Amino acid sequence: MIFQGKQKIWSDYQKEIPDDHWFYVRSCIRQGFFPGSEVAFLDICRNKLGKDFFETEHHTTCGGIAYHAEALPQETMMTIIARQFALMGEHGYKNYVCSCITSFGLYTEVLEDWRTFPDLEDKIREHLWKSCRRELTKPEYLAHASDIIYKFRNEIAAKAKHRLVNKFTGEPLRVVEHIGCHYSKMFPSKGVGGAEYPYVLAGMIDSWGGEVIDYPERRHCCGFGFRQYLVKANRGYSMSNTHKKFESMEPYKPDMIITNCPGCPYFMDRWQYVIAEQTGKTYGENGYGIPVFTYEEVAGLVLGYDPWDLGLQMHQVAVEPLLDKMGVKYNKKDKYKGSGGKILKIPEFPMNIKCC
Amino acid sequence: MIDFGYSLTPSSTIEIDDADMSLFDELCAVEPDAIKCMSCGSCAASCTAGVFTDLNLRKVLLGLQRGCEEDVLPQLKSCMLCGKCHIVCPRGINTRHLILSICKIYNI
Amino acid sequence: MMRERFISGYDHFVLPFMVGMIFVLLWCIIGVIKIMVQLERKDRIKVYKSLVNPVIMGKNVRDWFGDCLFHVKLWRRNKVLGYMHSSIAFGWFMLIVIGHIETFLYIPERGGLFYYPIFFRYFMAVESTTLKGSLLFFLMDFFLLVVLSGIILAIIKRFRSKLMGMRRTTKLTLLDRVGLYSLWAIFPLRLIAEGFTAGVGGGSFLTVPVNWLFASILSKPENFTIAWWAYSIALGTFMIVLPYTRYMHIPAEFFLIPLKNAGIKVRRPRKGYALAELYSCPSCGVCLDACPMSVDKAGLKNTTVYYIRQVKRRNQPRALAIADKCLMCGKCSVLCPINISAIDLRLALRKQQPYNIEHDFSYLDKIPNEALTSAISVGGEKVLYYSGCMSSLTPMVSQSVQKVLTTAGIDFTLMDEQGTICCGRPLLLSGRTEEAKALIEKNEQIIKESGAPILLVSCAICYRIFKEDYDLNGVQVMHYTEYFEQLAAEGVIKLRKQEKLKYVYHDPCELGRGCGIYEAPRKALARVANLVPAAKERKESICCGGSLGSLTLTHEERGRITENSIRNLTANSPDRIVTACPLCMKTFSRQSEIKVVDFAQVIAENLVEKEKEE
Amino acid sequence: MKRNVLIIGGGPAGMEAARRIRDYGHTPILIEKESRLGGHLAKWHKLFPEGESTEELLTSLTADMEGINYFTDTNIVSINKLKNLYVAIFSNGISVQADAILFATGFSMFPAEKKEEYGYGIYNHVITNADLEHFFNTGKDPRIKEPKVIGFVHCVGSRDEKAGNRQCSKVCCATALKQACEMKELYPDATIYCFYMDLRMFGRKYEDLYLNAQRKYGILFVRGRVSEVSEDIDGRLVVKAEDTLVGKPIRITMDLLVLMAGMSPCVENPKIASMTGVHIGEDGFFMPRDLLYRSVESHSKGIFFAGAATGPKTIPETLNEARAAAMAIDHYFKQKA
Amino acid sequence: MGKLYEQLIRDYRIKEGLKACINCGTCTAICPAAEFYKYNPKNIVNIVQSQDDAQIEELLKGEQIWYCGECMSCVTRCPRRNAPGLVVMALRSLSIDLGYFVESEKGRQMLPLTRRMQSNILNYGYCVYPRTFLYKDHPEYGLTGKWVIENMEDVYERLGANLDGKGPGILRKIPDESLAELKAIFDETGATRRMEIIEEASKLKAKEMGIPYDEYERKAFEDTEKDHLNH
């Protein structure tokens, strides 16, 4: 692997990201599975970096998952998105940032479609007006939340309490980065680093001291596939795709995985559990799995957030071995506590994959 | 083991790295023309048995080249050896004997 | 009158002859027993029955004389070659017969000794001449001269085979050579030996002058037994090597003829009847020129004579290779002086080939007959036309046939309108006899269900199997050449003749040699154009090279065969080559500069339509 | 009357045209941006269809350069039209007056790194056809180490709208097969795959090349465009394509992957076009008067084309065009006179 | 050009996603669905490109179009700027609009899928919502997931979520007026109609199959009877 070759490509795909005043929209999946991540993201942006991130309670899902599951027609999805944009305009923002990759992909695509087919945009304006009496305003800048963290990766590194370095060996941690498919596969120029060698996460890893691992199935989908996961009968597809990725990365002995898509960390985490329970196979060291993180969680760890405040207890694959490697201090007893230190019943442990 | 109601699916990707090509090499030793095929499909188009079954000599040959013999060999069972494929083959491959040799070597 | 020269009636020089004679006799007896044992029971019974059937026995006797002694077929082929073979065979036969007559006339008590009639001249002395004696002396010398003339021709043939109409001769094995040279030596040595003793033992126009010659050199030539030794040794050598040489055909053919006339066929590649055929092959090499593959020098080694040699040597890989190569055109068989069933021998071996193909034709049962042809639902007094699988590559043929039928006002249905089920002949030719049955049965079913009285076939390959291997309950199978000629002869169709055009007709192997149809297509074609002959035609026609018979001929090898076949057809500069087999047509079309058309096409093009007639 | 003809580009087209123009009695002035004449040809080892030596061809092309002024390491700075004359200033300071100009600017190799998914310049064992010719010439390339499995990817940067090259580069199919056979001779135990979309074996003897590649060299063909390449932990290349004739994805691990980089329009075309007003097609190649009858003439008087400047061409086509252009220029002068 | 094809090209996704396919197979090569299902995006694009209505109808009524995971990896690689993924989406929409989706096992999944998705959006404003994400439907949520479900309020509260709360924040209760806007959008843009079409066609199909509607939905969600895998 020739690093300079990748650098050259990265330099070709640099994207303009304004550094302040964002209209923030949440992700359905992120909220449900990784609530700590969105909390951490806003906290980092607002309190650590001092930026303006506005959120309105009136924004909703973009409808993307339903659209990609064919539960919504294209025009419905577009009108919901137009409503979101309208909300942004109504609050006086021009920069739109979303937490979800599916949303990000759709926003990009919808803007592109409206540009190509102005009649379509007119039609959606009309729909929006008819149903919500709102006026569409298109964002000037569109970013995914990981673009923001990428932009401020060096500032975060400067404030770092921990680095992606194995404290026992002093070696950089071996990190697999996984990019959500809809981040740049459809519009390579809209993603940092393009579609083939995206740099958005690799840049964070580089800045925070880790070593990026490039393995053969790196570019591949985690297997969500919308309906392929949502319908129980189809889940073999979803699981097999994750399996393929893990088989491919296994020889590299990664310490951790970072993702920028809401669904991927959930699937890559849970499918490890299912694969272990079904086949007995585990991919990490000593019978553990390979922990899978959102980039917000990793940024939070680097900045010294408490792992249980970040919500790492919601992962099925144990994160403790990695926390130990990073030298992150944590209180074992606090892991499964409720709010205000309320003692909750500890979850059951799986049979084949080690948990703490 | 827990039954989740779904399970891992086998991959359909042709993995040439793992394919055992020794039988194919043996075939080529007897039938050097086996690699002359340019996949034009004339054989399949004119096949007498192909009207009634999925017999497709082009695919059979390709399957053997890719080490996927299990997928394709059963097709040959319906061959009537009528030799039309031989007549139409633009590369002049003696397809009839090739079929017999395939059967002999792969022992279908 | 004659008397014995020696009381003992014996001399040591007879030993070599005796050893050879006894050896060869034993060998033949054992061989006959072996073959009879190897025959299937029903075949064996057939043979026994034939031996008491006067008609078959009469045929046997005729064949023994005609084929073994007079080589009638070779005469027809080439007079010199015929003379050469029959002079040696018949001459020698007569020498033996007259030798025995002499012995029985003059000294019947010695009749039981094998050697006596052979060496008669040595053991007997002439006391006085009689007319009968002189005649016998004359006959003996005459036949010796006949044999010698044959031997001289044989020697010439060895070096200048073209004189006998043979372009090539077989390559001899070492033992063949020993046999050949000893055979050549026998009769000159006999002349010399008898020449030495002619002064005492008597002689005629040939031996007496030789005796004079020797007498002028030697004082007592009659005591020169060394010549008799040489003669006996030559005979002995010949007989000792006989079973291992091509000359084995001399005794073997005598046995083969009754078996053949009894209707026995090859069943296994080297046992039973096949064994009799293998030993009956005289390695004469007629098949070398006959074989279409001999256009390539390398192809010569794949001819029948070498096939037989390899089988006899038990060289299985080579034999298999040759068997697979053969086009199965059958030309060698029809030209072969003993009609060796070359195709059957090879097929028997192909059947044993471990191809491992497990055919599964169960899908045929799932195809409803109605789905293939409307003939099933219509039924009745129709002509059922089977165009065959090849017709999709030569659509002209089936279209032309249909045009002729329509013009003739014949009610017909296409049997394979919605896809052809192969007739099974290709499988059969690949030695897959059992597998072919599935296809045959399906087609039989369709034909019978259609209720048509006539099955019309436009493919010579299909025609042959329909004729030979189908059981059709009296449905008449007709090749379109026969059928159209019949229609023309009956005036059902009218044809116009194009006087200026010269056509040549190619006899497809399967139709001509295979089914004996030579005249019908010619008669019909003569109605539409002038037919010019090919250099070789009818049963000597040359395979187009496309035959399904061959399993291993390469594209290039086939190309050269085709080229040769076209050269043969165009000897008289025809304007068109007409064939009656879609495969020949396809094969020729690829290479011929002259337009190649199908028989049906020619007929269809020259139909006089009824309205126009009026 | 002797006239000056400025020939831009010292590849086969320029060199052949220069000699012919001289033979017509005119004065050719040839400039070449690189330090030696020969263009891309000079970097090649052998040529299809029959492995003809490049060296020999170059020797014939350079055998007789008498009366031809040529400058290497020289670029065009400017061209200005002056009545019936063109005044050109070169980077070496020389300026000439030319009665006619011949554009023999050829093509630029498609930059294979633009097909990011193939990882040229990123993976250690991905090379281009030009790299391989260099290897054939010098025997040196650290990326080629006793390869056991070799792949050739056709149509890299050809027939690819995303890469900005819609056209077929015409020569890559034959080149790939030629190179594949050469590699097989060097590494007889190697298994060699060609990934193609169509095998465009349009010329005489090309089909024989194909047949030889199959029969004699046992090159294996996969109909399908390579979709992505990645490196495994051993540094070997994992190549993914669809075997479209089987209809299934195929994955092969390889030791060497050769990208058949196609012909792109010469990168300097726009600059030169802007100096002279000749037309450039939407594909970036110079546009002649028409593509059938006046394929060597431009829309501007006195400016002519030869060779790959107007689209991908084989060597014999290029040489013939050079001759045709020389003839057209001579004809142009005669008409003017 | 067939009628179905005409209907199909009215979809903007076909306009965007289908230029001219050259059958190079770059899409299939990396398609996650092609690796595991009897699926080949190249063939699908080729069929649409052929404009052959009979074949298109076969697609609309068949299983194939439902195998795609819409990851859009194909879009990156196509040398002709096609988007097989978008073509499949257009086919799916048409299949639903024409009621053809019930003819395939995978198509029948539209009933449970649309019901769940649409009710989540209309009731809560989210596509996926913890209170409707049931462990019995999602055993892979794992033992941690089970723990989260069992201690939902505590777990979310500890992490700073605003579960069902007022104002902005994670999993907040989206104000009713906003939910009403979503409903209006659904009515205006065809989402409501889509649900109706799916219900109607599914009911008929359930009757045709002779099974109760509930059972029909359960089967569609959980069962696999056909062989979809590409061995």
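**Exercise 1.** In this predicted model, describe how helix α13 (residues 235-249) of chain A packs on helix α14 (residues 263-279) of chain A.

Solution.
- Two packed helices are described by the angle between their axes and the distance between the axes.
- The axes of α13(A) and α14(A) come within 9 Å and cross at roughly 90°.
- Angles of 65 to 115 degrees count as roughly perpendicular, and α13(A) and α14(A) are therefore roughly perpendicular to each other.
- On the α13(A) side, the contact uses Ser238(A), Met239(A), Thr242(A), His243(A) and Phe246(A). Their partners in α14(A) are Phe267(A), Met268(A), Trp271(A), Gln272(A), Val274(A) and Ile275(A).
- By class, this contact of α13(A) with α14(A) has 7 nonpolar and 4 polar residues, and no charged ones.

**Exercise 2.** Work out the strand order of the open sheet in chain C and find its edge strands.

Solution.
- The sheet has 4 strands in the order β8-β7-β9-β10, with parallel pairing.
- β8 (529-532) and β10 (595-598) of chain C each pair on one side only, which makes them the edge strands.
- From one strand to the next, the twist averages 40°.
- Strand β7 (residues 498-506) of chain C runs parallel to β8(C), joined to it by 4 bridges.
- Within this part of the sheet, Val504(C) stands opposite Val532(C) in β8(C).

**Exercise 3.** Describe the domain division of chain E and the contact between its domains.

Solution.
- Chain E divides into domain 1 (3-98) and domain 2 (107-222).
- Taken over C-alpha atoms, the centres of the two domains of chain E are separated by 28 Å.
- Domain 1 of chain E gives 4 residues to the contact, and domain 2 of chain E gives 5 residues.
- The domain 1 side consists of 2 nonpolar, 1 polar and 1 charged residues.

Technical notes: Residues numbered from 1 in each chain as written. Chains lettered and ligands numbered in written order. Predicted model: local features only at pLDDT ≥ 70, side-chain atom pairs only at ≥ 80, totals over all residues. Axes fitted to C-alpha atoms, helices over the stretch in contact; angles between N-to-C directions. Helix = DSSP H or I, 4+ residues; strand = E, 2+ residues; numbered from the N terminus. Parallel < 35°, antiparallel > 145°, perpendicular 65-115°, else oblique. Contact = placed C-beta atoms within 7 Å. Nonpolar A, V, L, I, M, F, W, Y, C, P; charged D, E, K, R; others polar. Pairing = 2+ DSSP bridges. Domains from an automatic or database assignment.
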